[in-house]
Amino acid sequence: MTDAAYTPPKIWTWNKASGGRFANINRPIAGPTHDKELPVGRHPMQLYSLGTPNGVKVTVMLEELLALGHQGAEYDAWLIRIHEGQQFSSGFVAANPNSKIPALIDRSGPTPIRVFESGAILLHLAEKFDAFLPKGGAERAECLSWLFWQMGSAPYLGGGFGHFYAYAPLKIEYAIDRFAMEIKRQLDVLDRHLADHTYMAGDAYTIADIAIWPWYGALAKGLIYEAGEFLQVHEYKHVQRWTDAIATRPAVRRGRMVNRVNGDPASQLHERHEASDFDTNTQDKLKG
């Protein structure tokens, strides 16, 4: 065991940095740390994000809508570097008082509408464009149930397993065991469901798939936390089939590039302001 004995004080106080990868941006209070307005482009949708799984949900959704011909989904994707604390600017806090990416400002109407939390953004866009969301009945209920399953489950994957396995300044056996058990249980939930369903809500690809894939598809391919072998993700055959099917979609490939700042440079498009940015990005990377 590597766990150190710790007795919590009667009253917790913030008197030292927590350590680990995110110590420089962790704090127990909300609100802005500095004044800076958000940039605004010319398209109806203004997205302020980073290419994390939560950010990828929204860029995939926007690219899927554009692929269907919904020109009202044209967007500017501005990069928010969370490790530098850009999410604590006055402009970003006005867009999302919780200071988390992604945040969307819908400027398609006379009054801008702010939408924060990735699930809320997916639902807003699905209802606005009448796409990727069943109209009613059992199919709609199933889609929304899986959408909110993802919103409730992924914190155990990211803030739980990912943090203690990959980012915490010390390895705590109890915490890693606790969250590894939960993540394998979640993968089993998905695998059992996908054994009898093409997509999460049935035969149709929906916002439930768009929400779940960036987290659990990446996990299934060992692309986050370098934990594929540790969790034996290859054993979840139905999750693997579903993951591979979604990964082949052109809009998914494009969406995964947007606001991405790590991995293969050819897979990164730091900001997206026009559809042609994907072609320019590829050409520039090839020249480099």
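**View A. Arg42 and its partner Glu274.** Arginine 42 is exposed, at 63% relative accessible area. The model shown here and in the other views is predicted. Arginine 42 forms a salt bridge with glutamate 274. The closest N and O atoms lie 3.0 Å apart. Arginine 42 sits in the segment before β1 (45-49), and glutamate 274 in the loop between α9 (250-257) and α10 (277-287), so the bridge ties together parts 232 residues apart in sequence. Glutamate 274 is partly exposed, with a relative accessible area of 27%.

**View B. A salt bridge between Glu74 and Arg272****.** The side chains meet with an N to O distance of 2.8 Å. This pair, too, links distant parts of the chain. Glutamate 74 belongs to the loop between α1 (53-67) and β2 (75-79). Arginine 272 belongs to the loop between α9 and α10. The separation is 198 residues. Both glutamate 74 and arginine 272 are buried.

**View C. A salt-bridge network of Glu63, Glu74, Arg254 and Arg272****.** Across the model, the count of salt bridges comes to eleven.

**View D. Glu182 and Arg185 within helix α5****.** The two side chains meet in a salt bridge, 3.0 Å from N to O. Glutamate 182 and arginine 185 are three residues apart in α5 (residues 173-194), which means a separation of about one helical turn. Glutamate 182 counts as buried, at 12% relative accessibility. Arginine 185 counts as partly exposed, at 43%.

**View E. Helix α3 against helix α4****.** Two packed helices are described by the angle between their axes and the distance between the axes. Here the axes of α3 (residues 118-129) and α4 (residues 137-167) come within 9 Å. The crossing angle is roughly 155 degrees. Angles over 145 degrees count as roughly antiparallel, so α3 is roughly antiparallel to α4.

**View F. Residues at the contact of α3 with α4****.** From α3 come Ser118, Gly119, Leu122, Leu123 and Glu127. From α4 come Arg140, Leu144, Leu147 and Met151. By class, the contact has five nonpolar, two polar and two charged residues.

Conventions:
Residues numbered from 1 in each chain as written. Predicted model: local features only at pLDDT ≥ 70, side-chain atom pairs only at ≥ 80, totals over all residues. Heavy atoms only, no water. Axes fitted to C-alpha atoms, helices over the stretch in contact; angles between N-to-C directions. Helix = DSSP H or I, 4+ residues; strand = E, 2+ residues; numbered from the N terminus. Parallel < 35°, antiparallel > 145°, perpendicular 65-115°, else oblique. Contact = heavy atoms within 4.5 Å. Nonpolar A, V, L, I, M, F, W, Y, C, P; charged D, E, K, R; others polar. Salt bridge = Lys/Arg side-chain N within 4 Å of Asp/Glu carboxyl O. Buried < 20%, exposed > 50% of the residue type's maximum accessible area, 1.4 Å probe, protein only.
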